[in-house]
Amino acid sequence: MKNFHTALIFFIGFVSSSLFQDSVASVVSTGDFNKDFFVIWSPTHVNTSADGQTRSLKLDQESGAGFASNQMFLFGQIDMQIKLVPGDSAGTVLAYYLTSDQPNRDEIDFEFLGNVSGQPYILQTNIFADGTDNREERIYLWFDPTKDFHTYSVLWNMHQIVLMVDTIPVRVYRNHAEKGVAFPRWQPMSLKATLWNGDSWATRGGQDKIDWTKGPFIASFRNYKIDGCVWKGNPRFCRAATPANWWNQYSSSTLTSTQRRWFKWVRKYHMIYDYCQDNQRFQNNLPRECSLPKY
């Protein structure tokens, strides 16, 4: 009997250890762009420092450029410091986003829409869930994002998606799946960054085109951190509220009181478009989440 108990304890310990190892998720990035990402197009327009700590993308008349993470993730928090295209950047779009790349894809977007010199930069955010988007929100950034690096973050868990600028929440998309609202919760996503020509729509609805004489247009990246659950084929590990999956804990299930104050400040003073206010676009039939609480 003693041997049986010893064997049983060993077996339970082994299984627990295996499950823990499979579900352990802390900071999974190295800080080296060359190790954590691959170039998805136009390598000649991607410049990485010798130590791999900084990377820039270039847009000119020949091409834009982009890179993507080697791994896919299901939940976590991702931070990236970005310095946007300076000067007259009208018509350019820098996208920094998570995407599942499936036909019914999930996606969480930051899109920085270039501007004419002297005008504020517009940040557009969007959420795709089960292949459906049309959830755009736009804000003016309250600083010049071309002068220095600022941190743009995504917190994604079973409860909510929070997009942040320098830790200030600028967008919240709550999980109301039980009320029939699609929410990204099954498909793993990779992290991507792309710089491209969007002058058919990006600046004043496409009225301001890219002035190629002002190029090349360059956006820079550094100090990223990926703190997420690496996809290994089983969503159960990533959905568990374990100590390693800290983002699934109760403390990350909604905005804190301080975050709520900042969020209200952004919406009151900096928001310029909210799809949930666009009755004309949706013919007075707004998406269901528009009538549900954000936190």
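Leaving aside residues up to four places away in sequence, Phe38 touches Phe67, Ala68, Ser69 and Asn70; a contact here means heavy atoms within 4.5 Å. This is a predicted model, where local features need pLDDT of at least 70 and side-chain atom pairs count only at pLDDT 80 or more, while totals for chains, interfaces and linings use all residues. Residues are numbered from 1 along each chain as its sequence is written, and side-chain values use heavy atoms, with hydrogens and water left out.

Back to Phe38: the C-alpha atoms of Phe38 and Ala68 are separated by 5.5 Å, though these residues sit 30 residues apart along the chain. Phe38 belongs to strand E1 (residues 37-41). Strands (E, at least two residues) and helices (H or I, at least four) are DSSP runs, numbered from the N terminus. Phe38 counts as partly exposed because its relative accessibility is 40%; that label falls between buried (under 20%) and exposed (over 50%), using a 1.4 Å probe and protein chains only.

Now for the sheet. Seven strands make an open, antiparallel sheet, ordered E2-E3-E14-E5-E10-E11-E12. Its edge strands, E2 and E12, each pair on one side only. Two strands pair if DSSP finds at least two bridges between them. Inside the sheet, E5 and E14 pair in the antiparallel sense over eight bridges, and Gln81 stands opposite Arg222 in E14.

| E2 | 46-48 |
| E12 | 168-174 |
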